[in-house]
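Visitor: I am new to this structure. Please show me how to read its features, step by step.

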Amino acid sequence: VTIGADQFNNWFVANIIWGKMLPNELITQIFSNWEAYHPRQMGIEMEAFQKALKYALTDEMRKRNIFL
């Protein structure tokens with residue numbers, strides 16, 4: 001989910017991505033979202049699957065030289 005806020009601090013949902021994805025597909029979606037919205041912050045929920053994903057994402061950030 002990508003959220004935004006306007007000048008009056010009203011929050012809104014800008015984008016939602018859902019579905020079952022393999023880690024590499026999810027990483028591609030994360031970078032696509034970054035390219036589309038350039039968010040100031042990004043976060044990943046840290047459950048067992050997300051922990052494994054974090055390592056794959058860190059590796060991909062190094063490859064692309066883009067640190068989210």
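Guide: D59 is partly exposed, with a relative accessible area of 35%. Keep in mind that this is a predicted model.

Visitor: Which side chain does D59 meet in a salt bridge?

Guide: D59 meets K63, at 3.6 Å from N to O. Both lie in helix α2, residues 48-64. They are 4 residues apart, about one turn of the helix. K63 counts as exposed, at 62% relative accessibility.

Visitor: How many salt bridges does the count give?

Guide: The count comes to 2. E60 and R64 also form a salt bridge, at 2.8 Å from N to O. These residues are separated by about one helical turn, because they are 4 residues apart in helix α2. R64 is partly exposed, with a relative accessible area of 34%.

Visitor: Over which ring does the charged end of R64 sit?

Guide: Over the ring of F31, 4.2 Å from its centre. The charged end of K54 sits over the ring of Y55, 5.9 Å from the ring centre.

Visitor: How is a pair of aromatic rings described?

Guide: By the distance of the centres and the angle of the planes. Here the count of aromatic pairs is 0.

Visitor: In what sense do strands β1 and β2 pair?

Guide: Antiparallel, over 4 bridges. Strand β1 covers residues 2-5 and strand β2 covers residues 11-15. I3 stands opposite V13 in β2. The hairpin has 5 residues between the strands, and N9 takes a positive phi near 65° there.

Visitor: Which residues form the nonpolar patch on the surface?

Guide: V1, I3, W11, V13, I16 and W18, with about 780 Å² of accessible area together. I16 lies in the loop between β2 and α1. I16 is partly exposed, at 46% relative accessible area.

Terms used:
Residues numbered from 1 in each chain as written. Predicted model: local features only at pLDDT ≥ 70, side-chain atom pairs only at ≥ 80, totals over all residues. Heavy atoms only, no water. Phe/Tyr/Trp six-rings, centres within 6.5 Å; stacked < 30°, edge-to-face > 60°. Lys NZ or Arg CZ within 6 Å of the ring centre and 35° of its normal. Pairing = 2+ DSSP bridges. Helix = DSSP H or I, 4+ residues; strand = E, 2+ residues; numbered from the N terminus. Patch = residues over 30% accessible without salt bridge, like charges linked within 9 Å, V, L, I, M, F, W, Y side chains within 5 Å. Areas by Shrake-Rupley, 256 points an atom, 1.4 Å probe, with all protein chains shown as cover. Salt bridge = Lys/Arg side-chain N within 4 Å of Asp/Glu carboxyl O. Buried < 20%, exposed > 50% of the residue type's maximum accessible area, 1.4 Å probe, protein only.
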